[in-house]
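User: Hi! Could you walk me through this one? I'd like to chat about how its pieces pack.

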Amino acid sequence: MKNIIRKYILGFTLVIIFALLATQVRWIVYSIQFQEKVFQKSVTLALNQTISNLTANRPFCSKMKECVECDSIRLETQLTNTGVWDKIHNAIDDELKTYDIFLEYDLMILETDSKELKTIEAELDKGLYYTTNLGELIGQNGYELVVKFPGRTKFFLEKTGLMFLASLLLIFLLILALVYLLRLYKQELRIAEHTKELLNNVSHEFKTPLSSIALASNMIRKKRYNTEDKLVNYAELISKENKKLQHLVESMLHLAAIERDEFDYSKETLDVHAVVEDSISTFEMILQDMNGKITTLLKATETMVFADKLHLTNALVNLISNSIKYSKDAPEILVETRSNNETIWVMVSDKGIGIASKYQKYIFDKYYRVPTGDVHNVKGFGIGLAYVKKVVEAHNGEITVESAENTGTTFSIKLPLLNDTNDRKQIKYPRCRR
């Protein structure tokens, strides 16, 4: 029920956000259209007021009339020589300033029936040209005053450009934030699911050894044993299950350390091959019981690293342990090393059940366990690989995985070599919080 309500709330939130984005875009378009209408209206009013002001100047009207009565070839020369052009320009400038329009423009006087005017009239709706009739000014029809604004686009960019760019930036940031929140939401859902599975596994893992310890201690307390051997068996069972509990507690402490990103590292010069041998020796008895084997192919010629022996050994132990857990029959594991002048690789390969490609990007996440159909058929809390990744990265290394279902898995750890003890000063490792 909670999941359904959560989905409805998420869907409703997305609808609101997209509606807000649509409204913002519509408002930007409307604002630009409004600015254009204001510009057109302002220019029209300025030209009309200019003609009205010039008409009141009777001497100017006479000069203007004399000029337009000349032939079209001499018209521009006459307008310039008599100062009419300058007078018209100054009058238009004064009126445009009252509307905060400071744009360069081209001025023309054209006959009403001229081809050039007809071409201009076809583009009047684009707002580049503006015309007004000169009949009132010169006392006769047949002439139009034409004003062209080549820098009109620049005007709109100055008026609305900053607002438009700011709106686009805000919309883009809002989309990024939305995508990020959706990713966080999916991640939190995944972590919640993994946490639920973790709690189920924890209760299951602790229940079995506690039950065994309770049973054995109860048998000893009630003296239900006939021989010393029976008593020793009960004591060994308690000791064995106690070690299991200790291991589980250590796993939980690792989990807490991963949560807080707190690990203590005591680094020293180590031989990786020695660490590999130590890690493998941990599983000798287990592999004998399972009729399994570990093969080593230690081909690295340079093997010295600057690392924490405990954590590096635990990381390899985790990888080998996983290979054993997920083997279909008797485990067959290969541990291989190789190196170049700067790097050493440690590869742990098995012939187990493999990992489907769709799960491989999640296997280093906290609590994540690859679905196997039964939660408890393979023991664990889903923190081993997350721990391994933390340790490897703390040593400036990388860990990768290659796997195929029903074929096997190979984990590769890449670490920087320490070819000289002086190199320690050059290698930078993450500082551990204590």
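**Sheet and helices**

Analyst: Happy to. In this predicted model, helix H4 (residues 84–97) lies across E1 and E3, and runs at about 120 degrees to E1.

User: Nice. In what order do the strands of that open sheet come?

Analyst: The order is E1-E3-E2, three strands with antiparallel pairing. On average, neighbouring strands are turned by 25 degrees against each other, direction ignored.

User: And how many bridges join E1 and E3?

Analyst: Six bridges, with strand E3 covering residues 143–148. Glu111 stands opposite Tyr143 in E3.

User: Switching topic: at what angle do H11 and H13 pack?

Analyst: About 145 degrees, for helix H11 (residues 309–325) and helix H13 (residues 384–394), with the axes 9 Å apart. H11 passes H13 in a left-handed crossing.

User: Which residues meet there?

Analyst: From H11, they include His311, Leu312, Ala315 and Leu319, and from H13, Leu385, Tyr387, Val388 and Val391 are among them. By class, the contact has seven nonpolar, five polar and no charged residues.

User: Which residues of H13 are buried?

Analyst: Among them are Leu385, Ala386, Tyr387, Val388 and Val391. Just after H13, Asn396 has a positive phi of about 60 degrees.

User: One last thing: is Glu76 buried or exposed?

Analyst: Exposed, because its relative accessibility is 55% and the cut-off for exposed is over 50%. Glu76 is in helix H3 (residues 72–81), and its C-alpha atom is 8.7 Å from that of Met108, 32 residues apart along the chain.

Note on methods: Residues numbered from 1 in each chain as written. Predicted model: local features only at pLDDT ≥ 70, side-chain atom pairs only at ≥ 80, totals over all residues. Heavy atoms only, no water. Axes fitted to C-alpha atoms, helices over the stretch in contact; angles between N-to-C directions. Helix = DSSP H or I, 4+ residues; strand = E, 2+ residues; numbered from the N terminus. Left-handed = near helix turned anticlockwise from the far one by under 90°. Contact = heavy atoms within 4.5 Å. Nonpolar A, V, L, I, M, F, W, Y, C, P; charged D, E, K, R; others polar. Buried < 20%, exposed > 50% of the residue type's maximum accessible area, 1.4 Å probe, protein only. Pairing = 2+ DSSP bridges.
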